[in-house]
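Here is a colleague's note on charged side chains and how they pair. Please read it with the model in view.

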Amino acid sequence: MSGAIDSRDLARVHSPQPDPRLLERNLAAFGTGYPQFAAEVRAATDVDLELSNAADGELTGTWMGRRLASRHRPGEEVDRLLADVDLRDNATIAVLGFGLGLHVERLARRMKRTGIVLVFEPDTALLKAVFS
């Protein structure tokens, strides 16, 4: 059997309706220290986010025609991306791009509150779609 994945194995693609309560819960996770950030994300344009479950069980998706994670194995993609990150010698990690956030989540879990993850994502519409 080959390692190829049949596209029929992917769950049906769906565009979830934005949930304002979920957005507010996610913005609250940043605390009260970032009111301008929260306001900019709230005010961002609503753009559809197409999500599906990849063969490895992780979420994958497309936003404005751009793939935000591997179509078939986003978990493996993130593991490869983070494999060489040395958290013993680096207490602060800068991440360029949020995507669906799986890489940020896994990095934060690996750090176990012993460091700082800085994420630069200039597109507030993407953040609003993912946080909602």
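1. Arg-42 is partly exposed, at 38% relative accessibility. Here, buried means under 20% relative accessible area, exposed means over 50%, and partly exposed lies in between (1.4 Å probe, protein chains only). Note that this is a predicted model: local features need pLDDT of at least 70, side-chain atom pairs count only at pLDDT 80 or more, and totals for chains, interfaces and linings use all residues. Residues are numbered from 1 along each chain as its sequence is written, and side-chain values use heavy atoms, leaving out hydrogens and water.

2. Which residue forms a salt bridge with Arg-42? Glu-24 does, with the closest N and O atoms 2.7 Å apart. A salt bridge is a side-chain nitrogen of Lys or Arg within 4 Å of a carboxyl oxygen of Asp or Glu. The pair links distant parts of the chain: Glu-24 sits in helix H1 (residues 20-28) and Arg-42 in helix H2 (residues 35-43), 18 residues apart. Helices (H or I, at least four residues) and strands (E, at least two) are DSSP runs, numbered from the N terminus. Glu-24 is partly exposed too, at 34%.

3. Lys-128 forms a salt bridge with Asp-46, at 3.1 Å between the closest N and O atoms. This pair also links distant parts of the chain, 82 residues apart. Lys-128 lies in helix H5 (residues 124-131), Asp-46 in the loop between H2 and strand E1 (49-53). Lys-128 is buried, at 11%. Asp-46 is exposed, at 53%.

4. Arg-109 and Glu-105 meet in a salt bridge (2.9 Å, N to O). They are four residues apart in helix H4 (residues 102-111), so about one helical turn separates them.
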